[in-house]
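Here are a few friendly notes to read alongside the model. Have the structure open as you go through the points.

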Amino acid sequence: MRDKEFSEYVAQRRTQLRRIAYLVCGDVHKAEDLVQTALMKLYVAWTKVQRGGNVDAYVRRIIVNSAIDESRRPWRREDAGLEGLDPMAAEGLAVEDRRALMEALATLPLGQRRVVVLRYFVGLTIEETAADLNCSTGTVKSQSNRALTRLNDLLTAEFGALGGHR
């Protein structure tokens with residue numbers, strides 16, 4: 001029964017987890033590794049986490065924490081050799097817009113990027129984001145404000161004030 005429930009959860013959430021991981025780390029291959037790590041840890045704690053009732057929050061937290069751990073490892077600081085790869089796309093955006101958004105997102109410090117992904121991609125509330133990141137709501141608000149200001153500046157410089165292409 002445990003394996004069946006776990007498999008059903010993974011089948012339903014894997015794509016969303018990949019997107020979250022990609023937005024957090026900015027690399028398709030690292031994102032896949034983060035998801036795999038998160039799912040292994042989730043499987044070990046499946047019964048306990050399922051009883052707790054918020055499996056999604058648990059997995060998101062594993063992804064974010066694993067991304068932080070990976071970014072601290074010196075061998076992870078090397079760039080991937082796949083320049084120009086356009087990874088998983090956000091639906092509805094033109095390729096140029098998507099690429100500009102991903103490049104701008106990648107320039108944010110990790111803390112700001114995590115807040116933006118959880119708040120605006122996943123759609124969590126300020127309180128849920130703070131709980132996932134184990135920080136205060138004030139931190140979420142300030143990180144969000146700084147990140148959105150930076151993204152606005154970068155994207156305005158790229159596309160102009162009206163959001164049109166150059």
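This is a predicted model: local features need pLDDT of at least 70, side-chain atom pairs count only at pLDDT 80 or more; totals for chains, interfaces and linings use all residues.

**Notes on helix packing and the core**

1. From helix 1, the residues R2, D3, F6, Y9, V10, R14, L17, R18, A21, Y22 and C25 take part, and they meet V28, K30, A31, E32, L34, V35, Q36, L39, L42, Y43 and V44 of helix 2. Sorted by class, this contact comprises 15 nonpolar, one polar and six charged residues.

2. Now for the geometry. Two packed helices are described by the angle between their axes and the distance between the axes. For helix 1 (residues 2–25) and helix 2 (residues 28–44), the angle is about 145 degrees and the axes lie 9 Å apart. The crossing of helix 1 past helix 2 is right-handed.

3. L39 is worth a look. Setting aside neighbours within four places in sequence, L39 contacts F6, V10, R14 and L17.

4. On to the largest nonpolar core, which has 40 residues; L39, L42, V55 and V59 are the ones that touch the most other members. Elements giving two or more residues to this core include helix 3 (46–52), helix 5 (95–107) and helix 8 (137–159). The biggest contribution, nine residues, comes from helix 1.

5. Finally, is S66 buried or exposed? S66 sits in helix 4 (residues 55–71), and it counts as buried because its relative accessibility is 6%, below the 20% cut-off. Not counting residues up to four places away in sequence, S66 touches L34, T37 and K41.

Methods
Residues are numbered from 1 along each chain as its sequence is written. Side-chain values use heavy atoms; hydrogens and water are left out. Helices (H or I, at least four residues) and strands (E, at least two) are DSSP runs, numbered from the N terminus. Buried means under 20% relative accessible area, exposed over 50%, partly exposed in between (1.4 Å probe, protein chains only). Contact means heavy atoms within 4.5 Å. Axes are lines fitted to C-alpha atoms, for helices over the stretch in contact, and angles run from 0 to 180 degrees between N-to-C directions. A crossing is left-handed if the near helix is turned anticlockwise from the far one by less than a right angle, and right-handed if clockwise. Ala, Val, Leu, Ile, Met, Phe, Trp, Tyr, Cys and Pro count as nonpolar, Asp, Glu, Lys and Arg as charged, and the others, Gly among them, as polar. A nonpolar core is a set of buried Ala, Val, Leu, Ile, Met, Phe, Trp, Tyr and Cys residues joined through side-chain atoms within 4.5 Å.
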